Amino acid sequence: MKLPSLPPAVLALLVVAAGACVTAAAAVQTAAWSERAAAQRLDAMLSASVMAVRQRLDTGERLLRGASGLLAADPDTTRDQWRAYMLATQVDDLPPGIHSVGYARLTQASALDALVESVRAEGLPAFDVFPRGEREVYAPGVYVEPFAGRTLGALGFDHLSDPARRATAEAARDSMQARMTPRVALLREAHRSVAAQGAVLYLPVYRNGMPVNSVEERRQALLGYVYAAYRLGDLMADAAAVHGGRLSLSLYQGRPSAADTLLLARAGGEAAPRNHSHPLRQLDRELTFGGQTWTVRATTLAAFEEGGPGAPVPLVI
C-alpha cells in the first residue's frame, strides 16, 4: 500500500517543528546541567571557605596550647620568657582573623594591688586593672601579643568583668577544654571609633603537679587563662577572598532562621542582583568549634555566574 505523499510545505513545517523540539530539549538539558554544575561549584567554594575559617580557629587553639604548657611548667614565667616563646611561634605575623593572644592571670582581690605594682615594676608604669569594681576574683590581662599599639589596650582588662567572657572562661576551666565566647565587642583600639566585633577563645592554665580529676580540683589548680581574640570581619573576609570576589559570606550564631543570630553580614561584597543574568544562590554550612555552633552562609556575586561552570575552586592551605 502506497503512503500518501505530503505537500512540500507541510514537510517543511514538520522538519522545522522537529528541529525546534530537539533544540528545546537540548536547551532544557543544558540548563539543567549548568544548574547542577553551578550548585556543585558553590558547594565546593563554600567548603573551601569553611575550611579556611576552621584552619584559622585551629591555629589559635594550637598557639594557646603551647602557651598554656609554658605557663603551667613555670607559673613565674617572666615577660621576656613569654615574649621569646611567642616570637619563636611567629606570633608577630598572626594569620588573618586572629587579633591577639594573651594571658589573663587569676588574682584574688586581696592580691590585686600587689599584682599591679609588680607589672608596673616590669617597665609598664601606666598598667592598671580595669574596670575596677569590687569582685572576689579577677583575671586581668598581664601579657599580650603582638606587643604593639593595636593590642596594648588589652593589658589590665579583667576578663571576668564581662558576663559573656566570664561564663566562657569558667566553662573552659571546668571542662579542661578550649571554649569560645559568643560574639563580643573587642576592646576598642585607639585609632578606631567603634569596637570591632569578635569572639574570644579561652584555654585554662593549671598548675603542674596538682590533681585536675574533678571540677573542684580544676578550680583549685587554676592559674589563669590564655586567650586568642578573633576579629570576625577579618576572619570572614579572608575566607571570602580566596574566591576572588565570586562569593560573599555571612556568619550566624546557630541557625539563620532564629531571631538576632546574624553575627556578620556579607564579607566579600554585596550579593548579585536577582535577575536572569546573575541569579541569587545561597548555601549554608554549619561550623562547630569551642562549644559554639556557627552557620556560614555563602551568597553568589555577579562574578560567580561570569566565571562559568568550569571556574576553578582555590585550594586552601
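Pro131 is placed in the loop that runs between helix H3 (112–120) and strand S3 (137–138), helices (H or I, at least four residues) and strands (E, at least two) being DSSP runs numbered from the N terminus. The peptide bond from Phe130 to Pro131 is cis, with omega near -15 degrees. The model is predicted, with local features requiring pLDDT of at least 70 and side-chain atom pairs pLDDT 80 or more, while totals for chains, interfaces and linings use all residues. Residues are numbered from 1 along each chain as its sequence is written, and side-chain values use heavy atoms, with hydrogens and water left out.

A cis peptide bond also joins Glu145 and Pro146, with omega of about -5 degrees. Pro146 belongs to the loop between strand S4 (141–145) and helix H4 (163–175). In the loop between H4 and strand S5 (179–180) lies Met176. Met176 is a residue other than glycine with a positive phi, near 65 degrees. At 30% relative accessibility, Met176 counts as partly exposed, where buried means under 20% relative accessible area, exposed over 50%, and partly exposed in between (1.4 Å probe, protein chains only).

Helix H2 (residues 79–88) has Arg79, Trp82 and Met86 as buried residues. Seen down the axis of H2, these buried residues fall within an arc of 65 degrees, so they line one face of the helix; the arc is that of the directions from the helix axis to the C-beta atoms. Asp80 and Ala88 are exposed on the face of H2 turned away from the buried side.

The chain as a whole contains seven helices and twelve strands. Of its 317 residues, 43% count as buried. Among contacts (heavy atoms within 4.5 Å) with a separation of 6 or more, 65% are between residues 24 or more positions apart.

The largest pocket has a volume of about 240 Å³. A pocket is an open set of points on a 1 Å grid over the protein atoms alone, where a 1.4 Å probe fits, with protein on both sides within 12 Å along at least five of seven lines; lining residues have an atom within 4 Å of a point. Grid points are joined across faces, edges and corners, and a volume is the space filled by probe spheres set on the points. The lining of the largest pocket comprises 14 residues, with Arg105, Leu106, Arg207, Leu222 and Leu223 nearest the centre. At least two lining residues come from each of strand S1 (98–105), strand S2 (107–108), helix H5 (215–221) and strand S8 (222–231).
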